[in-house]
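Hi everyone, thanks for coming.

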Amino acid sequence: MDCQTVRQMIEMSPGGAPGLRSADGEAVRHHLETCPQCQSAAAEIGEWDHRVRTVMTAVPVPAGVRERLLSQLTKSAPQTAALAGEGRPVTRSIRRIAAGLGLCIALATGIAFWVGLPSKLQLASIEDATVRELRNHPAAGLSNFDGSFPAEITDAKWQKVCTSPPVGLNLDNRSGHDVAAFRVNIPALRFRGWLVLVPISRIADVPLSTYPDSVHYAQTAAWQDGKYVLICLAEQGSIETLVAQWNGSAA
Amino acid sequence: MQRPLAPGVAELVDEHYRAVFGYAYRLSGSVVESEDLTQQTFMLAQTNLTQLREPRAARGWLYTIARNEFLRRRSASPWVTLEDQPEPTSPEVETSWLDGDLTSEQLQAALNELPVEFRVPVVLFYFENLSYRDIAQHLNLPLGTIMSRLSRAKTQLRRKLEKHLLEPHDCEVSQLPLA
């Protein structure tokens, strides 16, 4: 084995020469015993890699990350289960129960689909899925709202700032859009984002008053006007300022 | 509306959240994004926990979820949100001085200058301790491509770090409270 190959192999192993296994490792070690230049190169590579690795893996974690993480996981447990349609069975009996429940849900969903009754959605799961969809697609990649419900904004203030036609999002993988999302731009408040309309009949937990939240670091506020649940998502600017400034409107 | 976590999730978090956060931070270079990536990683893990057959493989599995999520976001269109505003605090608490020079901050600054296609294999090599062959498998790329990228990436990283190490720098210790 020549010097170039030996050095390349040492570079490629995260543990340097000692980390090399099998016949290749044996050949490299044998070469190193007889080649001072490669010994020196291997030592230098090993030292550098060790320094970088030591610093690389030492990342301090800010306070509160664990608590926020557990809180978010607890909050999202029902919605992830609802959206993904699966939980985590831990024993055979639980698996059987889950399979039975899954079968019942599938049957119920099938019946609901057959009679044309759309399932109710959790507000948090709508906010979560909407932020994801809107964040991950360029505006041009979103499809125009298909008109599966009237999507009329009754509040004059919001009408003025929602001038372009809405885009539609399908959140439950059934036919038809579940929400209509209007682009919102309010230069006076340096606010930019989306106003999302969902028929009130589709929401399982309708907000009784303005309900501020934060989803994936996007500020949100949700309220209802008797016909729709309206969710405002901030891309830029403050929801709190918007709500304060527009006090007297629905928000 | 809340309900108890699925069995095993809290333990998974306790054991691995620091590592996943650190991994996400080295990939993204942003505290806010790394916390978001960490949350997303564990949410996906919670949903797909049945896929984890071998508990000892949990960390690698979580790293893979975090990396895929990071790459998915990088390939998607940028979304201007609050996290894109300047960060009020930095995670760059002084971690350790190695031979009196290389710091976490310097390393991250050098990593951030690498293009994503170079940065990702570097993080896999140094953070995950994977061999080139394993990295090629994880990223679904030919070994030759990985050899070439890592060779160039390591050279660039070393050059940038040596430049940083030669420059005088302040040893500011952030007041950010640690977990």
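Let me begin with a working definition: a residue is buried if 20 or more other C-beta atoms lie within 10 Å of its own, and exposed if 12 or fewer do. Please also keep in mind that this is a predicted model.

Now, to chain B, and to Leu111(B), which sits in helix H4, residues 104-113. Is Leu111(B) buried or exposed? Leu111(B) has 24 C-beta neighbours inside 10 Å, so it counts as buried. If we leave out residues up to four places away in sequence, Leu111(B) touches Arg26(B), Gly29(B), Arg119(B) and Val122(B). Have a look at Gln156(B) as well: 45 residues separate it from Leu111(B) along the chain, yet their C-alpha atoms are 9.4 Å apart.

Next, a helix pair in chain B. Two packed helices are described by the angle between their axes and the distance between the axes. For H5, residues 116-126 of chain B, and H6, residues 132-139 of chain B, the angle is about 130° and the axes are 10 Å apart. That angle is why H5(B) counts as oblique to H6(B). The crossing of H5(B) past H6(B) is right-handed. Which residues make the contact? On the H5(B) side we find Val120(B), Pro121(B), Leu124(B) and Phe125(B), and on the H6(B) side Ile135(B), His138(B) and Leu139(B). By type, the residues of this contact are 6 nonpolar and 1 polar, with no charged ones.

Stay in chain B for the loop between H6 and helix H7 (143-166), where Asn140(B) is found. Asn140(B) is not a glycine, but its phi is positive, at about 55°. Asn140(B) counts as exposed because it has 6 C-beta neighbours inside 10 Å.

Over to chain A, with 8 helices and 6 strands. Along the sequence, the pattern reads α-α-α-α-α-α-α-β-β-β-β-β-β-α. Of the 251 residues in chain A, 33% are buried. Taking the contacts in chain A with a separation of 6 or more, 56% come from residues 24 or more positions apart.

Ala151(A) lies in the loop between helix H6 (123-136) and helix H7 (156-161) of chain A. Ala151(A) is not a glycine either, and it has a positive phi of about 50°. Is Ala151(A) buried or exposed? With 20 other C-beta atoms within 10 Å, Ala151(A) is buried, whereas Asn140(B) is exposed.

That's my tour, and I'm happy to take questions.

Technical notes: Residues numbered from 1 in each chain as written. Chains lettered and ligands numbered in written order. Predicted model: local features only at pLDDT ≥ 70, side-chain atom pairs only at ≥ 80, totals over all residues. Axes fitted to C-alpha atoms, helices over the stretch in contact; angles between N-to-C directions. Helix = DSSP H or I, 4+ residues; strand = E, 2+ residues; numbered from the N terminus. Parallel < 35°, antiparallel > 145°, perpendicular 65-115°, else oblique. Left-handed = near helix turned anticlockwise from the far one by under 90°. Contact = placed C-beta atoms within 7 Å. Nonpolar A, V, L, I, M, F, W, Y, C, P; charged D, E, K, R; others polar.
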